[in-house]
Amino acid sequence: FPGREVEVQERVQTGDADLDADIAEGKERLNRLHAANEAIPNPEISRNLERMTGAGDQIFKELARDPKKVTLVRRFMNYYLPTSEKLMDQYQILMSATAKGENIRSAMQRIESSLGMIADAFEKCLDNLYADQEMDIDAEIQVMKTMLTSDRLIDDATGDILKAGGSAEAQHKPFSMGNP
């Protein structure tokens, strides 16, 4: 249709049909959270839902890139995400009630106040996916430093680059015309 933008999501193919289905379902849940965000005119809720959907998108991208990480996000996919969707569905039902008594207002407030905690948890789930990579990067840096030191390219103590034929200590001494 002219003038109408339609977002098309690329289907993930990890080689594991069950995981592909789980990712597709998770993305659909994120789309429903995004739709809830559009439907609820509350800036605080919106900020938290944006954090949640952003972290969720990144989780599924990383999972598609490295399917072995599925065990790290199984609870996210099977409990946290569906429960968050359910809470937002309930919030929208409560929000549409014409008369808001104490129970409705209280339930809405509890959902509103829990969204920051849920967004933090989504971001922590994402961060956990990168823990192994951080350790790998640290190990690579240590090996590189050891090799550079053994090849006398850097000073072991300071990490300073050595110039040809000298130590970093000798290179940092001020130049003097007198006796050493």
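What is the accessible surface of the protein chain, and what percentage of it belongs to carbon and sulfur atoms? The accessible surface comes to about 12700 Å², of which 53% belongs to carbon and sulfur atoms (Shrake-Rupley method, 1.4 Å probe; for residues, only the protein chains shown count as cover). This is a predicted model, in which local features need pLDDT of at least 70, side-chain atom pairs count only at pLDDT 80 or more, and totals for chains, interfaces and linings use all residues. Residues are numbered from 1 along each chain as its sequence is written, and side-chain values use heavy atoms, with hydrogens and water left out.

**Fold and burial**
- The protein chain has six helices and zero strands (DSSP runs, numbered from the N terminus: H or I of at least four residues for helices, E of at least two for strands).
- Of the 180 residues in the protein chain, 31% are buried (under 20% relative accessible area; exposed is over 50%, partly exposed in between; 1.4 Å probe, protein chains only).

**Aromatic pairs**
- The whole structure holds three aromatic pairs (ring centres of Phe, Tyr or Trp, the latter by its six-membered ring, within 6.5 Å; planes under 30 degrees apart are stacked, over 60 edge-to-face, the rest tilted).
- Phenylalanine 76 and phenylalanine 122 pair edge-to-face, at 4.9 Å centre to centre and 80 degrees between the planes.
- This pair links helix 3 (residues 70–96) with helix 4 (residues 102–128), its members being 46 residues apart.
- Phenylalanine 76 is buried at 1% relative accessible area, and phenylalanine 122 is buried at 0%.
- Ring pairs join Phe60, Phe76 and Phe122 into a cluster.
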